[in-house]
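Welcome! Here is a short briefing to read alongside the structure.

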Amino acid sequence: MAFPTAINSQITDSVTQSNVEVLASAPSTALAMLYETVASSLGLASQNVVSTQQNVNTLAQAVTTKCVEKLLAAK
């Protein structure tokens, strides 16, 4: 309970408790935001890896096609 004041003690108690609740939930909120950011970053990294792999496979197929074309042309 808060110190006695000219204001109703129930009002000061409710304000104090709501302030304490906000302060108490700050670390968990910050950690949740951190987890969300890390998950988003890992998702983007995975998408970049897949995109790069697709591009490398396309390039490898083009190189293979060109090499086979050169082999068949060299008679």
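Buried means under 20% relative accessible area, exposed over 50%, and partly exposed in between, with a 1.4 Å probe and protein chains only. This is a predicted model, where local features need pLDDT of at least 70, side-chain atom pairs count only at pLDDT 80 or more, and totals for chains, interfaces and linings use all residues. Residues are numbered from 1 along each chain as its sequence is written, and side-chain values use heavy atoms, leaving out hydrogens and water.

**The nonpolar patch**
- Tyr-35 sits in helix H1; helices (H or I, at least four residues) are DSSP runs, numbered from the N terminus.
- Tyr-35 counts as exposed because its relative accessibility is 57%.
- Together with Leu-31, Leu-34, Val-38 and Leu-42, Tyr-35 makes a nonpolar surface patch of about 500 Å².
- Such a patch joins nonpolar side chains (Val, Leu, Ile, Met, Phe, Trp, Tyr) within 5 Å, from residues with over 30% relative accessible area and no salt bridge; areas come from the Shrake-Rupley method with a 1.4 Å probe.

**The salt bridge**
- A salt bridge is a side-chain nitrogen of Lys or Arg within 4 Å of a carboxyl oxygen of Asp or Glu, and the count by this rule is one.
- Lys-66 and Glu-69 form a salt bridge through their side chains, at 3.4 Å from N to O.
- These two, Lys-66 and Glu-69, are three residues apart in helix H1 (residues 9–73), so about one helical turn separates them.
- Lys-66 is partly exposed at 44% relative accessibility, and Glu-69 is partly exposed at 44%.

**Thr-58**
- Thr-58 belongs to helix H1 and is exposed, with a relative accessible area of 52%.
- Its side chain reaches the backbone oxygen of Gln-54 at 2.9 Å.

Notes: Patch = residues over 30% accessible without salt bridge, like charges linked within 9 Å, V, L, I, M, F, W, Y side chains within 5 Å. Polar contact = N/O pair within 3.5 Å; in protein donor to acceptor, adjacent residues only side chain to side chain.
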